[in-house]
Amino acid sequence: MTASHILLLIGAYFLLLLLISYFTGKNDSNEDFFKAGKQSPWYIVAFGMIGASLSGVTFISVPGWVQASEFSYMQVVLGYLAGYFVVAYVLLPLYYRLNVTSIYEYLEQRFGFYSYKVGAFSFFISRVLGAAFRLFLVAIVLQQFVFDAFGFPFELTVVFSIALIWIYTFRGGIKTIVWTDTLQTLFMLLSVGLSIYFILDKLDWSFAQFLGSSELEEYSQVFFTDSLMDRNNFLKSFVGGIFITICMTGLDQDMMQKNLTCRNLGEAQTNMVSFSIVLVAVNLLFLLLGALLFIYSAKFGIGLPLMDGSPKADLLFPEIALNSGLGIVVAITFMLGLIAAAYSSADSALTSLTTSFCVDFLGIQKRAEARRKRIRKATHIGMSLLLIAVVIIFKYVLDRNVIDGLLTVATYTYGPLLGLFTFGIFTTHTIKDRYVWVVALVSVLFIMGIANIPAEYLGGYIFGYELLPINGLLTFLGLYLIRDTKQQESELRHG
């Protein structure tokens with residue numbers, strides 16, 4: 001499949017998204033952009049969230065993970081499953097009861113202005129970095145297999161990718177995304193299924209033979225329980241997975257904004273539970289694909305593609321799909337899956353960043369009605385330019401598997417959110433609100449410090465995703481230290 005063919009495919013896919021955007025964005029109202037009129041069917045939201053949760057990172061990076069860590073990622077995924085139940089039955093009822101547009105409005109109601117801004121800022125940094133991670137991965141694939149052939153620089157590839165997203169989301173916002181995510185999830189799953197089918201056919205295996213093969217055994221260890229010192233130990237991965245879900249879904253405006261478009265709380269909870277169960281099976285399918293890719297590459301002598309002179313496991317899937325002779329069907333479905341994966345996460349990220357900045361920082365709901373749409377559109381452009389800048393920076397600083405990098409960043413940036421929401425929900429204390437930013441900053445700096453302590457200084461212990469709950473705990477303890485005892489004493493005297 002030539003670069004020109006891939007470019008035509010991108011163009012056709014983009015036209016389809018524009019068609020959806022035309023029908024869903026006719027009103028061009030802030031109510032539709034931010035909440036989709038609260039009329040989204042739960043099953044459409046659930047199916048679309050699969051694609052948004054997986055994104056281009058899962059599509060490319062999870063199969064690449066298999067080489068170094070086998071199926072250890074499933075330990076994290078099982079933690080995700082438990083975390084989704086917490087989101088469904090603890091956080092969703094809170095958001096629906098308060099009828100919020102931005103979920104961080106809860107922090108203002110519970111603690112005050114500074115807590116609200118710290119929570120919103122934590123999300124903003126988290127989502128900018130997370131969206132940039134995802135866009136970076138897709139951009140390097142497009143660069144390697146499409147735009148290098150035309151002599152385009154990487155920077156232009158990034159601008160092109162984000163400009164496409166802006167064009168089809170600037171009117172309909174979340175209302176458009178609920179429906180485009182559904183289409184994108186379908187393409188992504190179809191791509192993985194067909195890739196597995198055609199690779200197995202090339203190897204002359206049935207799916208059952210693949211599952212029973214000795215080759216798969218080399219990659220398929222799921223549970224790592226030998227030593228708590230290891231980074232991928234089961235307990236650390238499982239607990240980390242729980243808190244990653246609570247933070248990256250339940251405390252994340254991007255993911256919650258879709259759930260808040262459902263008609264009522266019951267439908268939103270049904271959406272969350274059904275989606276979480278399906279997601280476990282889908283992640284397992286991606287890991288099986290990853291093992292199959294490495295088995296195939298070993299049999300046919302396909303080396304890891306190079307990027308800037310270094311082998312890149314994340315690029316093995318596109319290399320095999322596009323350049324190993326599997327046929328045009330695999331090439332087309334791979335590119336459709338990749339494009340779908342890219343846009344299903346990036347478009348919702350761009351919309352949620354726009355929503356959060358408008359509501360949490362610009363106070364759009366307090367502005368004159370005539371100015372609100374203009375503010376929202378200007379912010380949408382600003383967020384697009386910010387993502388372009390961060391993705392380009394990543395090209396020069398990123399040196400690890402992208403999904404591992406994404407989850408590591410989450411341990412730093414989501415900790416303050418975890419601590420704030422936990423303290424607010426499970427205690428009745430008020431706090432000295434003006435000191436919240438100090439607590440959050442100290443907690444993040446402390447976590448960054450202990451994460452970089454050499455393992456030999458800790459008896460061989462390697463920190464993993466357990467840093468996220470530790471970060472949240474530190475924030476919780478810090479909030480306890482700044483609780484407003486005088487106000488509580490006054491309330492008790494007058495109670």
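What is the handedness of the crossing of H4 and H11? The crossing is right-handed, a term applied when the near helix is turned clockwise from the far one by less than a right angle. The structure is a predicted model, in which local features need pLDDT of at least 70 and side-chain atom pairs count only at pLDDT 80 or more, whereas totals for chains, interfaces and linings use all residues. Residues are numbered from 1 along each chain as its sequence is written, and side-chain values use heavy atoms, with hydrogens and water left out.

Helix H4 spans residues 73-98 and helix H11 residues 234-250; their axes lie 7 Å apart at an angle of about 35 degrees. Helices are DSSP runs (H or I, at least four residues) and strands likewise (E, at least two), numbered from the N terminus. Axes are lines fitted to C-alpha atoms over the stretch in contact, with angles from 0 to 180 degrees between N-to-C directions. Residues of H4 that meet H11 (heavy atoms within 4.5 Å) include Gly79, Ala82, Gly83 and Val86, and the H11 side includes Phe238, Gly241 and Thr245. By class, this contact has 14 nonpolar, eight polar and no charged residues; Gly counts as polar and Tyr as nonpolar.

Aromatic pairs (ring centres of Phe, Tyr or the six-membered ring of Trp within 6.5 Å; planes under 30 degrees apart stacked, over 60 edge-to-face, the rest tilted) number 24. Tyrosine 73 and tyrosine 80 form an edge-to-face pair, because their planes stand at 80 degrees, with ring centres 6.1 Å apart. Tyrosine 73 is buried at 3% relative accessible area, and tyrosine 80 is buried at 9% (buried, under 20%; exposed, over 50%; partly exposed in between; 1.4 Å probe, protein chains only). Phenylalanine 136 and phenylalanine 154 are also paired edge-to-face, at 6.2 Å centre to centre and 70 degrees between planes. The former lies in helix H6 (residues 113-145) and the latter in helix H7 (residues 154-169), so the pair ties together parts 18 residues apart in sequence. Both phenylalanine 136 and phenylalanine 154 are buried.

Lysine 236 lies over the face of tyrosine 461, 4.0 Å from the ring centre. Arginine 483 places its charged end over the ring of tyrosine 480, at 3.9 Å from the centre.

Technical notes: A charge sits over a ring if NZ of Lys or CZ of Arg is within 6 Å of the ring centre and within 35 degrees of the ring normal.
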